[in-house]
Amino acid sequence: MLNVPPQAFPAPSSQQRAAAGGRAKVPLKPGRSLMDWIRLTKSGKDMTGLKGRLIEVTEDELAKHNKKEDCWICIRGFVYNVTPYMEYHPGGEDELMKAAGTDGTDLFDQVHRWVNYESMLKECLVGRMAVKPIAAPKEITSVCEEKKQLNGMLPEKKVLSGASKDLTPSYDWFQTDSLITIVIYTKQKDMNAELVILDHEDKRLRGEIIVDDYSYLLEVDLDHAVEEDMAVNIAEKVGKVEIILKKKDNVHWKILGQPLESHNTFMKRTDRGLFYRKCKLVLKTEVTHDTKLFCLLLPESTHLRVPTGQHVYLKQIIAGTEVVKPYTPVLPFLPLDFKEPSCHDSAHIYLMIKIYSCGLFTQALDHLQIGDCISVSNPEGSFKKSQVQTSEDLFLLAAGTGFTPMVKLLNFALTEVSCLRTVKLIFFNRTEDDILWRNQLEQLALKDQRFEIQFILSQPKKDWVGKQGMISSSLLSEFVKRSRKDSKVLICICGPTPFTEQGVQYLKDLGYSQEEVHPFTA
Ligand code: FAD
Ligand code: NAD
């Protein structure tokens, strides 16, 4: 069934997601970079063959355009002629052809739902699917109460079917002369601050609660203005989240506000659009000759903690096109004292980013000035802390900036996982000058006996006496060994795609199970 969205046509400035990100999966021909694509789309060339005319496309018509030299794809009800994009697709032509002449929405969501195709493929828009019986958005059954005012009576939720219904959070609100308190009953026993993401700007309040792979959203245009700062109280054991807003005027509110489009919905996280807020660049420091630590300040009206092992998306407009890339927040430095859980600074997000001399996104990032703003998304990622919590041996295989997810992971492991006997970082870099936080890592190894560091260089200078080479089966069998015959092991791996893919394969060949290996990918 084709997925026809209910929005106006063409798509309004929707909750913008990402644009082609990560490094290309297949080598692209020269002159086929993202920047080249942006230039082509701005050249005035007729990309659809329809001279700018938008048409209604039937399923039969769509199916006819299923060849490399004539390829149409439907995404969320909109049809794009992707023929001119073929050679520019970072995932390769074959990947794109999997959806040729069909509804590619699911395939697209599986591979890179964060890519901002609306902006990237704007000039390739052929039209909208002719409306057949409208497919309700996945797993949502009731939208009829959408416009009802929130007068204390809870409007009917968009609910999940079957057993998941019992898990659907609910909310209520009350007020005093000066405060509005919204209470969300998450029905989760292990609620914590990382599972609560709140934003409010002007009178618009957005609260997202993460429940495993699902997301509950409260989204309201508040009845009256509130102060920027708010308090969030989380009763972890009972799963109650209290949002306390300060009224700007001490008037009595008759209603909480008007529900917005996705208010009171509970759906799979992957079906929820990414939400961005503007963060201010407050500090930029050098880490190595080409890598910098960016410190971004969250708005006062945002409550957001990026969990260990997860990444965020940054969004910038480059040459008129929205471009989005993923980055993994780190800590400002590697804490050396692991006796106490460190008190994390929750107002800032630190990103360690390599600036590529011909990188589209990182060049634009490097040109940001202190005080400039950049859009930062909600966190995403499949890593779960519970994977480490039962491990006795933790191996971290990092290459280049693939070190970034290891920073919080190291801190978490050494601080909070009491059963860990060994933590070993095997860090692959080109040269000595490329090693990120080398001093800090060496100091940590001196300070904590459980931690060991091994540097491996692929292009060392003559005077390098350490290990050299690329990831290989023999290197891994030398460095990745259980401390005891049957010890529980977790191996995390992150770096350039070929590095990660080869590493996963070698580890499999060496007898490690799928559960024992976690590759970080987009
Ligand atoms: P691009 O314009 O994409 O190119 C980068 C460099 O690669 C250039 O030198 C370019 O010439 C070369 N290149 C691009 N495509 C090809 C090709 N097909 N063949 C050969 N060379 C090519 N990066 C970080 O620095 N820090 C992080 O914390 C971080 N976290 C990430 C988290 C995730 C989940 C993922 C998937 C990636 C992460 N990255 C991180 C990488 C980041 O998303 C970008 O890919 C990176 O910053 C490069 O973006 P760019 O637009 O500047 O470079
Ligand atoms: P780099 O090019 O400097 O290479 C670092 C090391 O990686 C090399 O010394 C080599 O040992 C290894 N390597 C490089 N290319 C390889 C190949 N083709 N096969 C096997 N091994 C190879 O690395 P960089 O420029 O810092 O790039 C880091 C990569 O990590 C980027 O592609 C980035 O997207 C990725 N990354 C991913 C995540 C994530 O969560 N998925 C997070 C951060 C970074």
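Is Asp199 buried or exposed in this predicted model? At 5% relative accessibility, Asp199 counts as buried, the term buried denoting under 20% relative accessible area, exposed over 50%, and partly exposed the range in between, with a 1.4 Å probe and protein chains only. The model is a predicted one, in which local features need pLDDT of at least 70 and side-chain atom pairs count only at pLDDT 80 or more, whereas totals for chains, interfaces and linings use all residues. Residues are numbered from 1 along each chain as its sequence is written, chains are lettered from A and ligands numbered from 1 in the order in which they are written, and side-chain values use heavy atoms, with hydrogens and water left out.

Asp199 takes part in a salt bridge with Arg277, in which the closest N and O atoms are 2.7 Å apart; a salt bridge is here a side-chain nitrogen of Lys or Arg within 4 Å of a carboxyl oxygen of Asp or Glu. Because Arg277 lies in strand E15 (residues 276-286) and Asp199 in strand E8 (residues 196-201), the pair ties together parts that are 78 residues apart in sequence. Helices (H or I, at least four residues) and strands (E, at least two) are DSSP runs, numbered from the N terminus. Arg277 is buried as well, with a relative accessible area of 5%.

Across the whole structure, the search finds 23 salt bridges. One of them joins the side chains of Glu87 and Lys29, with an N to O distance of 2.8 Å, and this pair links distant parts of the chain, since Glu87 is placed in the loop between strand E4 (78-81) and helix H3 (93-97) and Lys29 in the segment before helix H1 (34-41), 58 residues apart. Glu87 is partly exposed, at 27% relative accessibility, and a network of salt bridges links Lys29, Arg32 and Glu87. In a further salt bridge, the side chains of Arg206 and Glu208 meet at 3.0 Å, N to O; Arg206 is buried at 4% relative accessibility, and Glu208 is buried with a relative accessible area of 5%.

The sheets may be described next.

A second open sheet, of six strands, has the order E26-E25-E24-E23-E27-E28 and parallel pairing; its edge strands are strand E26 (467-468) and strand E28 (517-519), each of which pairs on one side only. Strand E23 (residues 393-399) and strand E27 (residues 489-494) run parallel and are joined by six bridges, and the bridge partner of Leu394 in E27 is Leu490.

Strand E5 (residues 125-129) has five of its five residues buried, so it is largely enclosed by the rest of the structure. E5 pairs in the parallel sense with strand E1 (residues 55-57) over three bridges, with Val57 opposite Met129, and in the antiparallel sense with E4, also over three bridges, with Tyr80 opposite Leu125.

Two loop positions were also examined. Val306 is situated in the loop between strand E17 (302-303) and E18 and is buried, with a relative accessible area of 9%; the C-alpha atoms of Val306 and Leu195 are separated by 9.3 Å, although these residues are 111 residues apart along the chain. Asp345, in the loop between E20 and strand E21 (348-354), is partly exposed, with a relative accessible area of 37%, and its C-alpha atom is separated by 9.0 Å from that of Leu331, 14 residues apart along the chain.

Methods
Pairing = 2+ DSSP bridges.
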